[in-house]
Amino acid sequence: MTKMIEISSNAITPKPLRVREFYLGRQPILDRKQALFGYELLFRNAPVGPANITSDLTATAAVIAHASQLGMGRVAGDALAFVNVDADVIMSDISVFLPCDKVVLELVGTMKVTSDVCVRIAELVEQGYTFALENVVGAASNTEQLLPLVEYVKLDLRAIDLATLKTLAPRFQKDKKKLVAEKVETREEFQASLDLGFDYFQGYYFAKPLIITGKKLSPSQLSVVELMTLVTSEADNEEIERAIKHDITLAFNLLRLVNSPAVGARQRIDSLSQALVVLGRRQLQRWLQIMLYAESGQRGHTMTPLMALATTRGRLLELLAQRLLPNQPRSADIAFTIGIMSLMDTLFDVPMSEILQQIEVSKDVSDALMTRGGFFGDLLRLAECIERIEDMSDQIMPVLSKLAVSVEDLVELEMAAFEWSDNLVRYLS
């Protein structure tokens with residue numbers, strides 16, 4: 001018999017819980033072409049108020065109960081959402097809150113497996129739910145019981161050596177399971193797991209620069225950077241328009257971008273001259289920054305998750321600056337620029353110091369990007385901690401306290417940033 005999760009119920013937790021008591025992180029899961037496939041949603045207990053929460057899994061259950069407030073579409077966009085669940089959640093009526101076509105239920109390796117739990121999982125599979133199994137090495141006894149019920153098997157590259165992976169991968173592939181490599185932090189690890197036939201890859205290897213000394217920008221990247229310089233140097237609109245027209249691809253992509261829902265133009269923009277008038281200089285500079293990621297898409301699908309990460313950072317920093325400095329609109333523009341530029345070393349495969357020699361920025365921007373210094377550096381550090389919530393959750397509260405931002409505000413602004421970025425990337429893909 002299933003237990004009903006109610007928003008005001010204590011079926012899962014000792015007291016009713018609120019969304020503001022959790023940090024929320026999402027980690028990208030990419031396919032073999034390095035295109036975005038899904039996100040693992042990570043909920044962590046925020047150390048505020050009474051100690052209502054006994055574990056991270058209890059936090060997950062409570063957030064599931066508040067799914068009507070969060071909305072899976074806002075959190076994950078068109079991607080699948082992988083959500084950790086334990087026996088309590090499995091035995092609850094989760095179908096009320098989690099649409100089966102949007103989620104993969106991830107069974108934790110520490111879960112005690114009983115015949116009732118197996119029966120319940122089988123029922124949910126019949127209802128259309130998909131399951132993943134994690135930590136199979138540390139829970140060998142669970143693996144045999146649960147393997148027939150799951151579609152995905154997740155293997156942690158931090159916990160399993162390469163020799164063991166070479167043994168495990170063929171075993172699960174023989175059972176026609178889709179393999180997910182977790183905590184892939186280097187390109188070498190990605191390549192090794194790719195060679196072993198893994199289907200999906202979770203981690204931030206794609207967001208780390210290769211750093212090629214002396215590398216020059218590609219012609220398309222250079223065109224955008226030169227255009228950004230014109231925009232910031234008070235060149236007139238005719239000169240800027242002529243520069244854009246010299247690169248047909250750039251002109252086409254810029255018009256496509258400024259007509260995206262994220263720009264929010266009240267009318268369709270059909271000409272470059274119209275785009276320059278409607279957008280204004282500061283907005284044009286913003287979209288050119290995003291264009292750098294779109295222009296680099298010719299290098300392959302890797303730019304889709306990198307663009308998603310950069311635009312999410314940019315939007316989150318912008319929203320935080322708007323909330324914290326409402327009377328200083330220029331601060332929001334600076335914050336957005338810092339968020340977007342913070343991944344340009346990866347985009348260009350050159351050190352950030354070299355990028356700042358080619359793209360003129362203010363001292364606030366430079367300090368934030370180079371040393372995470374100042375107010376804007378704190379905003380960037382907060383975004384990075386959220387992205388790496390598994391390893392850096394203990395660093396979030398000190399930054400929040402320094403900025404005087406509540407956990408509730410952080411989650412609200414995160415949701416808005418996720419939604420804005422996902423809409424933009426979907427439109428440009």
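Mentor: A residue is called exposed when its relative accessible area is over 50%, and buried when that area is under 20%; partly exposed covers what falls in between. The model is predicted, so treat every value here as computed from it. Take Lys112. Its relative accessible area is 68%, and Lys112 is therefore exposed. It sits in a loop, with strand S4 (103-107) on one side and helix H5 (115-126) on the other. What does Lys112 contact once its neighbours within four places in sequence are set aside? The partners are Ala87 and Val117.

Now the setting. The protein has 429 residues, and buried ones make up 56% of them. Its secondary structure comprises 21 helices and eight strands. Consider contacts with a separation of 6 or more: residues 24 or more positions apart account for 67% of them. The protein exposes about 18500 Å², with carbon and sulfur atoms supplying 51%.

Go inside next. In soluble globular proteins, nonpolar side chains tend to be buried together. The largest nonpolar core here holds 139 residues. Leu107 and Met344 touch the most other members of that core. Met344 has its own list of partners, leaving out residues up to four places away in sequence: Gln289, Leu292, Tyr293, Asp349, Ile355 and Ile359. Another core of eight residues lies apart from the largest one. Its members include Phe82, Val104, Val180 and Tyr200.

Phe37 and Tyr200 are both buried. Phe375 is partly exposed, because its relative accessibility is 26%. Phe376 has a relative accessible area of 7% and is therefore buried. Ring pairs also build a cluster from Phe190, Phe201, Tyr204, Tyr205 and Phe206.

Charge meets ring at Arg26. It lies over the face of Tyr39, 3.9 Å from the ring centre. Arg26 also lies over the face of Phe418, again at 3.9 Å from the ring centre.

Finish with the cysteines. A disulfide is a covalent bond between the sulfur atoms of two cysteines. How many disulfides does the count give? The count is zero. Cys118 is buried, because its relative accessibility is 16%. Cys385 is buried as well, since its relative accessibility is 0%.

Return to the starting point. Lys112 is exposed at 68%, whereas Cys118 is buried at 16%.

How values were computed. Residues are numbered from 1 along each chain as its sequence is written. This is a predicted model: local features need pLDDT of at least 70, side-chain atom pairs count only at pLDDT 80 or more; totals for chains, interfaces and linings use all residues. Side-chain values use heavy atoms; hydrogens and water are left out. Buried means under 20% relative accessible area, exposed over 50%, partly exposed in between (1.4 Å probe, protein chains only). Rings of Phe, Tyr and Trp (its six-membered ring) pair if their centres lie within 6.5 Å; planes under 30 degrees apart count as stacked, over 60 as edge-to-face and the rest as tilted. A charge sits over a ring if NZ of Lys or CZ of Arg is within 6 Å of the ring centre and within 35 degrees of the ring normal. Helices (H or I, at least four residues) and strands (E, at least two) are DSSP runs, numbered from the N terminus. Contact means heavy atoms within 4.5 Å. A nonpolar core is a set of buried Ala, Val, Leu, Ile, Met, Phe, Trp, Tyr and Cys residues joined through side-chain atoms within 4.5 Å. A disulfide is a pair of cysteine sulfur atoms within 2.5 Å. Accessible areas come from the Shrake-Rupley method with a 1.4 Å probe; for residues, only the protein chains shown count as cover.
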